[in-house]
Amino acid sequence: MASGGDETTTTTLDGTTDHSGKPAVRSKTGTWRACPFILGNECCERLAYYGMSSNLVNYMIDRLHQGNAAAANNVSNWSGTCYVMPLLGAFLADAYLGRYRTIAAFMALYILGLTLLTMSAAVPGLRPPPDGAGAVTAGQSAAFFVALYLIAVGTGGIKPCVSSFGADQFDDADPRERQSKSSFFNWFYMSINVGALLASSVLVWVQMNVGWGWGFGIPAAAMAVAVASFLMGSKLYRHQKPGGSPLTRMLQVVVAAWRKGKQPVPADASLLHEASSASASAIQGSRKLEHTEQFRWLDRAAVVTSTDEDGKNNPDPWRLCTVTQVEELKSVIRLLPVWASGIVMSAVYSQMSTMFVLQGNTLDPRMGSGAGAFKIPSASLSIFDTLSVIAWAPAYDRLVVPAARRWTGHPRGFTQLQRMGIGLAVSVLSMLAAGALEVARLRVAASHGMLDDSTNYLPISIFWQVPQYFIIGAAEVFTFIGQIEFFYDQAPDAMRSMGTALSLTSSALGSYLSALLVSVVTAITTRNGGLGWIPDNLNRGHLDYFFWLLSVLSVINFVVYLWIAKWYRYKQATTSYELSSV
């Protein structure tokens, strides 16, 4: 911590440093002066990501000549990988590199992947032949999928670090800056959706009407702008020092507790081992955590035995751990059930890039009449999800929070867990809306004699899909924004990138769950020569059954979540940080 003269008031109190490694000066670094560069980076990166992913299922069908189920599964599996790789990036950021250097390094891989993807769609030889002009070669498929998975690795260093890096610009020890941090998460999610808005409108139209080379090339250019925006703010940023491997610290607690398995845990928590400093933790960049009664068997790691007394001032970390180190592991364990509750919601969300697009492909996309009618690509309907978020985010701050505050008395209107729970409940309605539309669509197909015709549009406007997109947008504002803030706030101080990555992996497992459900449903419903729920000709299938299945899973998930929220105990920390390495 800064000491002497005015230093305590001019430098930050949370241990952040400037670009040269010196204590960050409050008036010259961080806060909203640094955030535009971070938000600009996020907006352009999301424009690049959604610009190449929103319509990916149609590229696989039209250019790689895959069936509906295979294309949906490939997109879900790739999307899942994009949300698993943040565990790697977050570990490197928290343990060794810091968030700034991790973001910068992984952006290089991201641009490389986007460049190769553009080449695979535009360069003769790498570009797959149009339908009917020949088979897709192994080399063409390899170039495409190598590019996709390079992008997935690149996202791994960006997704978990950018939101945490932005939140680092606000000093937790300063009440005014801490209040601004909550607003930052709303603006951060807004920047995501501004990028998604441009992607789902302009770029999807370019892909469907101009060409895939341009459709993938523009996202590559947007990513270059994202890099420039991020680097331009370098001198303004505040940096949290990496605190060493969190996995090692957690493993030390488990080993120490196991080695003392027969030691009784004292009823008085003050007898457990803690750092000698009055308030500072022994973990770089972390505050002390108060002892909690949950998972008391782990407290054995902090029990001081006669063997530990001689080396108490310099203990063996594999035998004696501090209370804060034990509570760090407890915090992560408490987060896991909350994390798991987001998987089904993420599976629902993933339908926007798979089943919603396939459903929209069968509907009438025309605006106007005659030869000059403008056609809306089905993947562009996700614009209404984005518009919903853009509308709901400020409405939540300006209308919902004040109203809820009068009812609950909570300064945020709802607790973070309540906010996420409301979103889980709302997500059920999106699947019900999609299922109801599908029932109506199948009836129209049957009444017009179009069961065997999958090439012509049904006489139903594609805009009937708007409600299901809009409802998912409302669910996002409650669940996903609440989730970003919750995992940053409740993760141990030295593991905040890992906390964000953990929340993102629920999205990965949601995508994998969606792919698994499609595979299982297809395998079961196509037995004995059946067409199945999701055939290439959806007019002869039952996509509505798939939406009902997700509705039931969502209801079950919400009921389980209510129990989890009641069980959860929020993290309690002191307000002081340890600035010197240990």
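Leaving aside its neighbours within four places in sequence, with which residues is leucine 271 in contact? The residues are Pro266 and Val304, where contact means heavy atoms within 4.5 Å. The model is predicted, so that local features need pLDDT of at least 70 and side-chain atom pairs count only at pLDDT 80 or more, while totals for chains, interfaces and linings use all residues. Residues are numbered from 1 along each chain as its sequence is written, and side-chain values use heavy atoms, with hydrogens and water left out.

Leucine 271 is located in the loop between α10 (246-259) and α11 (306-309); helices (H or I, at least four residues) and strands (E, at least two) are DSSP runs, numbered from the N terminus. Leucine 271 counts as exposed because its relative accessibility is 54%. Exposed means over 50% relative accessible area, buried under 20% and partly exposed in between (1.4 Å probe, protein chains only). Between the C-alpha atoms of leucine 271 and glutamate 438, which are 167 residues apart in sequence, the distance is 63 Å.

Valine 466 belongs to helix α16 (residues 466-490). This valine 466 has a relative accessibility of 17% and therefore counts as buried. Apart from neighbours within four places in sequence, valine 466 is in contact with Leu381 and Phe384. Leucine 458 in β4 is the bridge partner of leucine 363. Side chains alternate along β4 (residues 458-461).

Helix α7 (residues 138-167) packs against helix α17 (residues 496-525) at an angle of about 125°, and their axes are 8 Å apart. Axes are lines fitted to C-alpha atoms, for helices over the stretch in contact, and angles run from 0 to 180 degrees between N-to-C directions. The angle makes α7 oblique to α17, since angles under 35 degrees count as roughly parallel, over 145 as roughly antiparallel, 65 to 115 as roughly perpendicular and the rest as oblique. From α7, Lys159, Pro160, Cys161, Ser163 and Ser164 make the contact, and from α17, Arg496, Ser497, Thr500, Ala501 and Leu504. These residues divide into four nonpolar, four polar and two charged. Ala, Val, Leu, Ile, Met, Phe, Trp, Tyr, Cys and Pro count as nonpolar, Asp, Glu, Lys and Arg as charged, and the others, Gly among them, as polar.

Conventions. Pairing = 2+ DSSP bridges.
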